[in-house]
Amino acid sequence: MSNRTPVYILCSPRPRSGKTFLARLLLDFMRFDGKAAVVAFDVNPHEPVLSEFLPRVTRVIDITNTQHQMMLSDLMVRDDGVPKVIDLGATSYETFFDVAGDIGFFEE
């Protein structure tokens, strides 16, 4: 039996709406609640604020880059029990959901 892997996507098509702040709170909560491992993705390559606060657990993703798309999708659907938090910047909002729809992420 496999572990369930929670994926939290914090997003808004509007900039400066508190997405990164909420992502930080969620990550801190999970880390202090005893989760040994958490993975975060900062999908705002032009202003990677989350990765500045939590560089050890955060990967910066440029959703317009095919290699980054593949890496993100592979890690999101990996059934490893490690919670994933995606801080989705407003500039990457539409592209992210287009890619997620194309790869069938929501159907998984």
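How many of the residues of strand E2 (residues 39-43) are buried? In this predicted model, the count is 5 of 5, so to speak a strand that is mostly covered. The cover comes on both faces of E2: Val39, Phe41 and Val43 are buried on one side, and Ala40 and Asp42 are buried on the other.

Strand E2 also has partners. With strand E4 (residues 84-88), E2 runs parallel, and 5 bridges join the two. One of the pairings puts Ala40 together with Val85 as its bridge partner in E4. With E3, strand E2 again pairs in the parallel sense, this time over 3 bridges. Here Phe41 stands opposite Arg59 of E3.

Thr58 is buried, at a relative accessible area of 10%. Setting aside neighbours within four places in sequence, the residues in contact with Thr58 are Ala40, Phe41, Asp42, Leu50 and Ser51. Ala40, Phe41 and Asp42 turn up in E2 as buried residues too. The side chain of Thr58 also has a polar atom 2.7 Å from the backbone oxygen of Leu54.

Another threonine, Thr64, sits in the loop between E3 and helix H3 (66-77). Is Thr64 buried or exposed? With a relative accessible area of 57%, Thr64 counts as exposed, because the cut-off for that is over 50%. The side chain of Thr64 makes a polar contact, at 2.6 Å, with the side chain of Asp62. Thr64 and Pro45 are 19 residues apart in sequence, while their C-alpha atoms are 9.8 Å apart in space.

Then there is helix H1 (residues 19-32). Which residues of H1 are buried? They are Lys19, Ala23, Leu27 and Met30. Viewed down the axis of H1, these buried residues fall within an arc of 65°, so they line one face of the helix. Among the elements covering the buried residues of H1 are strand E1 (7-11), E2, helix H2 (49-53) and E4. On the other side of H1, Phe21, Phe29 and Phe32 are exposed. Just after the helix comes Gly34, with a positive phi of about 100°.

Methods
Residues are numbered from 1 along each chain as its sequence is written. This is a predicted model: local features need pLDDT of at least 70, side-chain atom pairs count only at pLDDT 80 or more; totals for chains, interfaces and linings use all residues. Side-chain values use heavy atoms; hydrogens and water are left out. Buried means under 20% relative accessible area, exposed over 50%, partly exposed in between (1.4 Å probe, protein chains only). A polar contact is a pair of N or O atoms within 3.5 Å; within protein, one must be able to donate a hydrogen and the other to accept it, and residues adjacent in sequence count only if both atoms are side-chain atoms. Contact means heavy atoms within 4.5 Å. Helices (H or I, at least four residues) and strands (E, at least two) are DSSP runs, numbered from the N terminus. Two strands pair if DSSP finds at least two bridges between them. The arc is that of the directions from the helix axis to the C-beta atoms.
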